[in-house]
Amino acid sequence: MPTTLLEQSSLFLQQFVNGMTLGSIYALIAVGYTMVYGVIQLINFAHGEIYMLGAFLSFSLVSGFFGVGLPFVLAVTIAVLVCALAGVLLDLVAYRPLRRSPRLAALITAIGMSIFLQNLALLIWGGQIRSFPRAVIPVFLFAPALQFGEVVVSWLQVVILLTAVILMVVLQLIVHYTRLGRAMRAIAQDQTAAALMGVNVDRVVSYTFALGSGLGGVAGILVGLYYNAVYPTMGYLAGIKAFAAAVLGGIGSIPGAILGGGILGLAEVFGAGYISSSYGDGIAYAIMILVILVKPAGLFGRPSSNKLYRG
Amino acid sequence: MPLLKLNDIHCYYGNIHALKGVSFEIYHGEIRTLIGANGAGKSTVLMAISAILKPRQGEILYDGMPVAGRAPDELVQAGLCQVPEGRRIFPDMTVGENLEMGAYCRSGRAAIKANLEMVYDLFPVLSKRRRQAGGSLSGGEQQMLALGRALMSQPELLLLDEPSLGLAPLMVEKIFSLIERIAGEGITILLVEQNAQAALRLADYGYVMESGKIILEAPARKLLQDERVKEAYLGE
Ligand SMILES: Nc1ncnc2c1ncn2[C@@H]1O[C@H](COP(=O)(O)OP(=O)(O)OP(=O)(O)O)[C@@H](O)[C@H]1O
Ligand SMILES: [Mg+2]
């Protein structure tokens, strides 16, 4: 255990940086849950698998798993676009036919799609943990960007934080200042009224899946690089945690998901650091259960938009 | 040719037979009203016209073309707009954003802007509150917002579902005079109301609905004098 004040504070600072890094990844995933829930009141449990897909695709494209190795930036771009497309397809194939069915049907389908996609990944990539070959990743990512005393912030952490911040800002701009964003908010508030105003609800839902899944894909790529481990079930735990973040923030609220992601990342890292490393994962569940018990609408959620957790 | 024509429409909610063969029509420039008690099926008629509900039987023609197979947004684009029961404005959007949603299907910034000024002229209170959340308006103001939002789509046919619902008598009068002004602009109006008195005074022609059927129809002046209507709907 660190003893001096200096050691203690640098440990704290290091964990704060690590927690924020993890938190921004959770935030990126969590907005996908929350956006989809906002427009069609569905918890897309297969969202974690889209994130896994992002990691696998980028890994495969840079490492030449599919035969040709692409430059890093190109590979990452393609991976994100394919994730966006996969999200749209997921909705088209699995959820849209159930739009008028009881909500439980879609929820069970979502769980089914999650299992299906995990197994599909297992079939394509096998069960072993894959890692990005160092040679194909820009080397600077692993160099320290900032260093004071014991505290090191790697370029990768800077990239993760910056990417998350930029994407969240762009997302907020889209949601608040574009025609698509206005339609998304209209559907979230009253789907029938939106349709009566001429919003093509199906199309807007597709775009919502594309945006959310694209962001999930980005998160998958960043995590794949950060932990340097890509495997078929990686989306499960990350998905649950990001879902907890979305619930914490108030499902349906994008700022809520961002804040929830940050809090969850910090709580996990600090919990692991100060209580026990084996508690890291449990903290997400504890937070989620606590929120559902104490404040089901979450930090930013409106009680009325939280039908799933009422009574 | 009627602007809108319903021919033997049957609608169901699960096993509930909500519309049992509804037929009527409305011509360009008219105000027609559909009156009836709670649960008669009035809102169901409007939702079927807007293609939110699919009739199991019968045909709806808008401007001579079948509504079946078209999506709600295509109908809005074709000039058919509904102000649904309970106003259903977007509560978390500002008044301005709500109005912009009305113009969702349109293009041409300048024309939309001109339309917006027209709406603000018609409803000065909306102009005063343009940055306020829709949900923070009073019931009457929300009804005006719902009307204004619909006008932003430049409708040819406006379907109004109980615009007087839950409003104080003075506000009801105000809303009805606004509807009259809107009709004066040449917009055809199908007005669903429980306030039969006010609706029949405004309308050219009226239909009385009961348990999913139209049981009576006549020019509005005649319905106002009809003994059955007087007894059942005018409280006389
Ligand atoms: N979503 C629904 N599910 C099941 N039944 C419904 C639904 N909506 C309406 N109904 C039923 O269909 C019938 C017609 O309802 P509708 O809302 O069209 O009546 P209305 O004339 O508009 O009544 P009100 O004046 O109260 O608005 C009623 O018996 C109602 O209970
Ligand atoms: Mg009704």
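**Close-up views of a predicted two-chain model with its ligands**

**Figure 1. Confidence of the predicted model.** Over residues 305-311 of chain A, pLDDT stays under 50, and for this stretch the model has 18 contacts beyond four places in sequence. Here pLDDT is the predictor's confidence in each residue, from 0 to 100, and contact means heavy atoms within 4.5 Å. Chain A as a whole averages a pLDDT of 91, with 96% of the residues scoring at least 70. For chain B the mean pLDDT is 95, and 100% of its residues reach 70 or more. Among the elements of chain B, strand β7 (residues 157-161) has the highest mean pLDDT (98), and helix α10 (residues 227-233) the lowest (85). Helices (H or I, at least four residues) and strands (E, at least two) are DSSP runs, numbered from the N terminus. The predictor assigns the complex an ipTM of 0.94 and a pTM of 0.92. Residues are numbered from 1 along each chain as its sequence is written, while chains are lettered from A and ligands numbered from 1 in the order in which they are written. This is a predicted model, in which local features need pLDDT of at least 70, side-chain atom pairs count only at pLDDT 80 or more, and totals for chains, interfaces and linings use all residues; side-chain values use heavy atoms, with hydrogens and water left out.

**Figure 2. The magnesium ion (ligand 2) and its protein donors in chain B.** The protein donors are B:S43, through OG, and B:E85, through OE, and they lie 1.9 to 2.0 Å from the ion. Because B:S43 belongs to helix α1 (residues 42-49) of chain B and B:E85 to the loop between β6 (80-83) and α3 (95-102) of chain B, the pair ties together parts that are 42 residues apart in sequence. Donors are N, O and S atoms within 2.8 Å of the metal (3.2 Å for Na, K and Ca); water is not among the atoms, so sites may look incomplete. B:S43 counts as partly exposed, at 23% relative accessibility, and B:E85 also counts as partly exposed, at 33%. On this scale, buried means under 20% relative accessible area, exposed over 50%, and partly exposed in between (1.4 Å probe, protein chains only).

**Figure 3. The surroundings of ligand 1.** Ligand 1 is surrounded by 14 residues, of which B:N38, B:K42, B:S43, B:T44 and B:E162 are the closest; a residue is included if one of its heavy atoms lies within 4 Å of the ligand. The metal donor B:S43 also places a polar side-chain atom 2.7 Å from an oxygen atom of ligand 1. In the side chain of B:Q194, an N or O atom is 2.9 Å from a ligand oxygen, and a backbone N or O atom of B:A40 lies 3.2 Å from an oxygen atom of the ligand. Taken alone, ligand 1 exposes 630 Å², and the protein buries 63% of that area. Accessible areas come from the Shrake-Rupley method with a 1.4 Å probe; for residues, only the protein chains shown count as cover. The elements that give two or more residues to the shell are β2 (16-26) and α1 of chain B, and α1(B) gives the most, with three residues.

**Figure 4. B:H10 in strand β1 of chain B.** This strand spans residues 4-13. B:H10 counts as buried, at 12% relative accessibility. Not counting residues up to four places away in sequence, B:H10 touches B:H17, B:L19, B:K20, B:G21, B:P55, B:R56 and B:Q57. From C-alpha to C-alpha, B:H10 and B:T44 are 10 Å apart in space, and they are 34 residues apart in sequence.

**Figure 5. A:S58 in helix α2 of chain A.** The helix covers residues 47-63. A:S58 counts as buried, at 1% relative accessibility. Its side chain reaches the backbone oxygen of A:G54 at 2.9 Å. Beyond the neighbours within four places in sequence, A:S58 is in contact with A:A75, A:A79, A:F132 and A:I221.

**Figure 6. A:I258 in helix α10 of chain A.** The helix comprises residues 254-274. A:I258 counts as partly exposed, at 27% relative accessibility. Leaving aside neighbours within four places in sequence, A:I258 is in contact with A:A27, A:V31 and A:M168. A:I258 and A:T34 are 224 residues apart in sequence and 9.9 Å apart in space, C-alpha to C-alpha.

Key
Polar contact = N/O pair within 3.5 Å; in protein donor to acceptor, adjacent residues only side chain to side chain.
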